[in-house]
Amino acid sequence: MKIAVLGGDGFVGWPTSLHLSDAGHEIHILDNLSRRWIDTELGVQSLTPMDSIQERTRIWHAETGRRIHFHLIDLAKDYELLKGWLSRNRPDAIVHFAEQRAAPYSMKSDRHKNYTVSNNVNATHNLLNALVELDLDAHLVHLGTMGVYGYSTVGAAIPEGYLPVGIETADGRTVSQEILYPSNPGSIYHMTKCLDQQLFQFYAKNDGLRITDLHQGIVWGTHTEQTRRHAQLINRFDYDGDYGTVLNRFLIQAAIGYPLTVHGTGGQTRAFIHIQDSVRCIEIALNNPPARSSRVEIFNQMTETHRVRALAEMIARMSGSKIAWLPNPRKEAPENELVVKNEKFLGLGLEPTTLGEGLLGEIVDVAKKYAYRVDRSRVPAVSAWTRDIAAKVEHDPEGVRLKSVS
Ligand code: USQ
């Protein structure tokens, strides 16, 4: 297949591009390199030294003989460029990662909220609009999030996208319908993925576009089979308070002797998936497109659930690290249960890589190797969800923890 990977320079986009190229597909990365600009804005860098996209693709070609093509396009701003590229290249499939993906970054300030909404919603809408205009029947696979559901369950497992409901009519009958599971975002970033869902529903219904939406959990790990092949194919690995995600952060913190930064009681339960499984799921989704004019296909892309404090305690035992119980900068339920259905990917052959597989040690080793690149003052998560929370926490000058000042 000829596949366009939008956002193919990012944390999941890059290993996905390599994985699909390795499987024999013709890969075109479209990216505005915004994630690299955000590193510059925040004054942080990936734990792992990352080469330019041109250099990465050159190394991939030298290693494998396969070419990954790169096109510098801003989907949210350059509609005509995007449309022109799609019209000339007419890909068979499109994988869409090209969105600002960090919840804390999206909550940093009014400017970051505006940027996240306009970037994410415009990127998705520009793409859908162009597909219709060009009469291009490419299968669109979008990276969504488990966070569209919120994380609270009412004692029933979260289904894969659609919820069967019975609606009582005026004459006392019960009509059955399947509706999108009610969205319940916990950040501006997660909200943009809920808005994406609405755009997908409309364009699938109105124009018959073939769309798969992957509701992904928190990705952990850094290496995949392909990124291991050469030092310069290494993936980015975020540790900072805005872009680092919880399990990877704890592992890096363990590697550099930094207390594990648990928010509140660590009672939040979340869904997780290893990056190797993430790229496999995308390939499985590409191989199983929905029919034209059918409803949006939705998969829950996760393999296990864990409570944050259980992860911290496990890593503390493994590494001898201390745990820092910090005031939570986010507005979220302090404790939640989470049960999620993921039978669709399992039924299509996904064999989960779970936390028990011994990969945690590999990540600590990567983190130790590059520990000299860590700026410890950038470890704390200081982006507060509300003005009230912002007033109650302050950044410790030593960069070790958030303190409650109330
Ligand atoms: N947390 C800590 N300590 C930390 C960092 C996070 O206790 O140092 C807690 C947070 O308060 C939260 C949980 O861990 O309760 C998860 O936070 P996270 O930063 O790992 O994940 P999140 O902000 O939800 O976002 C990440 C990705 C996003 C993706 C989402 C999937 O950045 O792109 O959509 O995971 S999900 O969480 O399933 O919605």
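**Figure 1. Helix H6 gives the largest share of the lining of the second largest pocket, four residues.** Welcome to a predicted model, in which local features need pLDDT of at least 70 and side-chain atom pairs count only at pLDDT 80 or more, while totals for chains, interfaces and linings use all residues. Residues are numbered from 1 along each chain as its sequence is written, and side-chain values use heavy atoms, with hydrogens and water left out. H6 spans 110-133, and helix H2 (34-42) also gives two or more residues to this lining; helices (H or I, at least four residues) and strands (E, at least two) are DSSP runs, numbered from the N terminus. Among the lining residues you will find Trp37, Asp74, Lys77 and Tyr115. The pocket has a volume of about 150 Å³, taken as the space filled by probe spheres set on grid points joined across faces, edges and corners. On a 1 Å grid over the protein atoms alone, a pocket is an open set with protein on both sides within 12 Å along at least five of seven lines, a cavity is a set of points where a 1.4 Å probe fits but cannot get out, and lining residues have an atom within 4 Å of a point. By class, this lining has three nonpolar, five polar and two charged residues, with Gly counted as polar and Tyr as nonpolar.

Figure 2. A side-chain N or O atom of glutamate 332 is 2.6 Å from a ligand oxygen. For the side chain of histidine 190, the distance to an oxygen atom of the ligand is 3.1 Å. Glycine 147 takes part through a backbone N or O atom, 3.0 Å from a ligand oxygen. On its own the ligand has 740 Å² of accessible area, of which the protein covers 96% (Shrake-Rupley method, 1.4 Å probe).

**Figure 3. Now look at the shell of 22 residues around the ligand.** Tyr151, Tyr189, Val246, Thr261 and Glu332 come nearest. Strand E10 gives the most to this shell, with three residues. The shell has eight nonpolar, nine polar and five charged residues.

**Figure 4. A search of the whole structure finds one cavity of 30 Å³ or more.** About 40 Å³ of space lies in the largest cavity. Its lining consists of Phe11, Arg101, Phe237, Asp238, Tyr243, Gly244, Thr245 and Asn248. These residues divide into three nonpolar, three polar and two charged.

Terms used: Near = heavy atom within 4 Å. Polar contact = N/O pair within 3.5 Å; in protein donor to acceptor, adjacent residues only side chain to side chain.
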